[in-house]
Amino acid sequence: HDHLLGIEGMQPWEIGFLLDEAEYWVTHRQRGKQLKRLTQINAFFENSTRTLVSFEIAGKRLGADVVSMAVANSSVKKGETLLDTALTLDAMHPDVLVIRHEAAGAVQLIASKVSCPVLNAGDGQHEHPTQALLDALTIRRRKTRLEGLRIAICGDVLHSRVARSNFHLLSAMGAEVRAVAPPTLMPPAIDRLGVIPFTNMDDGLKGADVVMMLRLQRERMAGAYLPSEREYFHFYGLTEKRLAAAADDVLVMHPGPMNRGVEIATEVADDIQRSAIKEQVEMGVAVRMACLDVLTRQRRGLAWNGEGW
Ligand code: CP
């Protein structure tokens, strides 16, 4: 089956194809019938606002019967294992499964056991592929390209699946990608990802065309270095003053949820000219429509590029 488990290993033309398909849904705002009579199950074992709601809207705009499982009320709470839950959902013959889980690799495991396409909506610290695609679409629309752009991804890089997916995508598309983080929140093998590391925020922001801020993920820091919020903001918070080091037409991004006054100052987050944060959310629906459509094509008797076999 065709799954979307991560950006790693995807070819630039595959990424470009998904972005072009998403662009179609942005410019032609009408609904489609691509998923009519198909059943989409969203199983989110971890909290979400943006990803869950936009996957629901995307499926509905394409005509799917969309079911979102409320994990808090599910039998997972009675001790059912992840695999038993997956096989139970599979027995209801969904046509596509969208899964978020707190453990890296859990979505891949489910994908190997079910008989329909699976889309990864975020697995632990591993990948969040549709987030990277919607970020890329936002950048491409504002800057007309990805290639050659200087993109600084800043903050809690270590715990961020958003950063990981973006490193793979933006490097594959020819951008100059920087990781800006405190030494304690920098992944050890960062240069193997083709990314330039910076531990000083002002150096990392110099000349950046895009500054992507990340949430300080305290829930993933059990027992590790926990900076105070004031200390963190002082050294790594994105302020107007700090942003002056970036390019004049810099684009500011954040995948959400934001911690205002921790990783980003309110005046920067709400800057109408430079902040693309709301646009990112808007692009999320189009990107998820594209992914749901393309990944169910084989099931609908179509080739991936939309033409008949
Ligand atoms: N960006 C993102 O994944 O947000 P949610 O956790 O709200 O889905």
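Lys113 sits in the loop that runs between helix 4 (106-111) and strand 4 (118-123). This is a predicted model. Lys113 is partly exposed, because its relative accessibility is 42%, between the 20% and 50% limits. Its C-alpha atom is separated by 34 Å from that of Leu216, which is 103 residues away along the chain. The points below cover pockets, cavities, a sheet and an aromatic pair.

**Largest pocket**
- The largest pocket has a volume of about 450 Å³.
- Its lining counts 20 residues, and the closest to the pocket centre are Arg100, Arg161, Arg215, Gly256 and Pro257.
- Helix 2 (50-61) supplies at least two lining residues, and so does helix 6 (161-172).
- By class, the lining of the largest pocket holds nine polar, seven charged and four nonpolar residues.

**Second largest pocket**
- The volume of the second largest pocket is about 340 Å³.
- It has 17 lining residues, and those nearest its centre are Asp2, Glu14, Val294, Leu295 and Trp304.
- Helix 1 (12-27) and helix 11 (277-295) each contribute at least two residues to this lining.
- Helix 1 gives the most, with four residues.
- The lining of the second largest pocket comprises twelve nonpolar, three charged and two polar residues.

**Cavities**
- Rolling a probe the size of a water molecule over the atoms shows where empty space is left.
- Across the whole structure, three cavities of 30 Å³ or more are found.
- The largest cavity holds about 70 Å³ of space.
- Its lining consists of Arg50, Thr51, Ser54, Gln131, Leu134, Pro255, Gln280, Val281, Gly284 and Arg288.
- Helix 2, helix 5 (129-143) and helix 11 are the elements that each give two or more residues to the lining of the largest cavity.
- Helix 11 has the largest share of that lining, with four residues.
- Five polar, three nonpolar and two charged residues make up the lining of the largest cavity.
- The second largest cavity contains about 50 Å³ of space.
- Val157, Leu158, Ser160, Ala163, Arg164, Phe167, Pro187 and Leu193 form the lining of the second largest cavity.
- By class, this second lining has six nonpolar residues, one polar and one charged.

- Five strands form an open sheet in the order 7-6-5-8-9, and their pairing is parallel.
- Strand 7 (196-198) and strand 9 (251-253) are the edge strands, each pairing on one side only.
- On average, neighbouring strands of this sheet are turned by 20 degrees against each other, direction ignored.
- Within the sheet, strand 5 (residues 150-154) pairs with strand 6 (residues 176-180) in the parallel sense, over five bridges.
- Cys154 has Val180 in strand 6 as its bridge partner.

**Aromatic pair**
- A pair of aromatic rings is described by the distance of the centres and the angle of the planes.
- The count of aromatic pairs comes to two.
- In the pair Tyr24 and Trp25, the ring centres are 5.0 Å apart and the planes stand at 80 degrees, so the pair is edge-to-face.
- An angle over 60 degrees is what edge-to-face requires.
- Tyr24 is partly exposed, because its relative accessibility is 36%.
- Trp25 has a relative accessible area of 6%, so it counts as buried.

Technical notes. Residues are numbered from 1 along each chain as its sequence is written. This is a predicted model: local features need pLDDT of at least 70, side-chain atom pairs count only at pLDDT 80 or more; totals for chains, interfaces and linings use all residues. Side-chain values use heavy atoms; hydrogens and water are left out. On a 1 Å grid over the protein atoms alone, a cavity is a set of points where a 1.4 Å probe fits but cannot get out, and a pocket is an open set with protein on both sides within 12 Å along at least five of seven lines; lining residues have an atom within 4 Å of a point. Grid points are joined across faces, edges and corners, and a volume is the space filled by probe spheres set on the points. Ala, Val, Leu, Ile, Met, Phe, Trp, Tyr, Cys and Pro count as nonpolar, Asp, Glu, Lys and Arg as charged, and the others, Gly among them, as polar. Rings of Phe, Tyr and Trp (its six-membered ring) pair if their centres lie within 6.5 Å; planes under 30 degrees apart count as stacked, over 60 as edge-to-face and the rest as tilted. Buried means under 20% relative accessible area, exposed over 50%, partly exposed in between (1.4 Å probe, protein chains only). Two strands pair if DSSP finds at least two bridges between them. Axes are lines fitted to C-alpha atoms, for helices over the stretch in contact, and angles run from 0 to 180 degrees between N-to-C directions.
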